[in-house]
Amino acid sequence: MQNYNSDGHDAGVIAYEIGKDNISIKFRDGSTYLYTNKSAGPAAIAEMKALAQRGGGLTTYINQHVKEHYQIKFK
């Protein structure tokens, strides 16, 4: 996983890993969620990938748009 370099905010997201049609997100509490094209939709996955690489807005986006639309939760 790559560290999520938030743009100065206290983000809940600390790391991410981008796949072809998915993104794994690791949160400060140690939980990791897998979001896929199937679970969240291709547009949401594309946006999450862009925000992760940009280093800003990912936590907010997840909370507002896809919070419960994950494929798998790992602890």
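This is a predicted model: local features need pLDDT of at least 70, side-chain atom pairs count only at pLDDT 80 or more; totals for chains, interfaces and linings use all residues.
Student: What holds the strands of a sheet together, as a general idea?

Tutor: Strands of a sheet pair through backbone hydrogen bonds, and they do so either parallel or antiparallel. In this model, five strands form an open sheet in the order β1-β2-β3-β4-β5, with antiparallel pairing. Because β1 (2-3) and β5 (72-74) stand at the edges with a single partner strand each, one side of each is left without a neighbour in the sheet.

Student: Where does helix α2 lie relative to the strands?

Tutor: Helix α2, which covers residues 42-54, lies across β2 (13-18), β3 and β4, and runs at about 50 degrees to β3. The helix has 13 residues and reaches 18 Å from its first C-alpha to its last, close to the 18 Å expected at 1.5 Å a residue.

Student: Which residues of α2 are buried, and which are exposed on the other side?

Tutor: Taking buried as under 20% relative accessible area and exposed as over 50%, the buried residues are A44, I45, M48, K49, L51 and A52. Seen down the axis of α2, these fall within an arc of 170 degrees, so they line one face of the helix. On the other side, P42, A43, Q53 and R54 are exposed.

Student: What covers the buried residues of α2?

Tutor: The cover includes β2, β3 and β4, together with the helices α1 (37-40) and α3 (58-66). Just after α2, G55 takes a positive phi of about 85 degrees.

Methods. Residues are numbered from 1 along each chain as its sequence is written. Side-chain values use heavy atoms; hydrogens and water are left out. Two strands pair if DSSP finds at least two bridges between them. Helices (H or I, at least four residues) and strands (E, at least two) are DSSP runs, numbered from the N terminus. Contact means heavy atoms within 4.5 Å. Axes are lines fitted to C-alpha atoms, for helices over the stretch in contact, and angles run from 0 to 180 degrees between N-to-C directions. The expected span of a helix is 1.5 Å times one less than its number of residues. Buried means under 20% relative accessible area, exposed over 50%, partly exposed in between (1.4 Å probe, protein chains only). The arc is that of the directions from the helix axis to the C-beta atoms.
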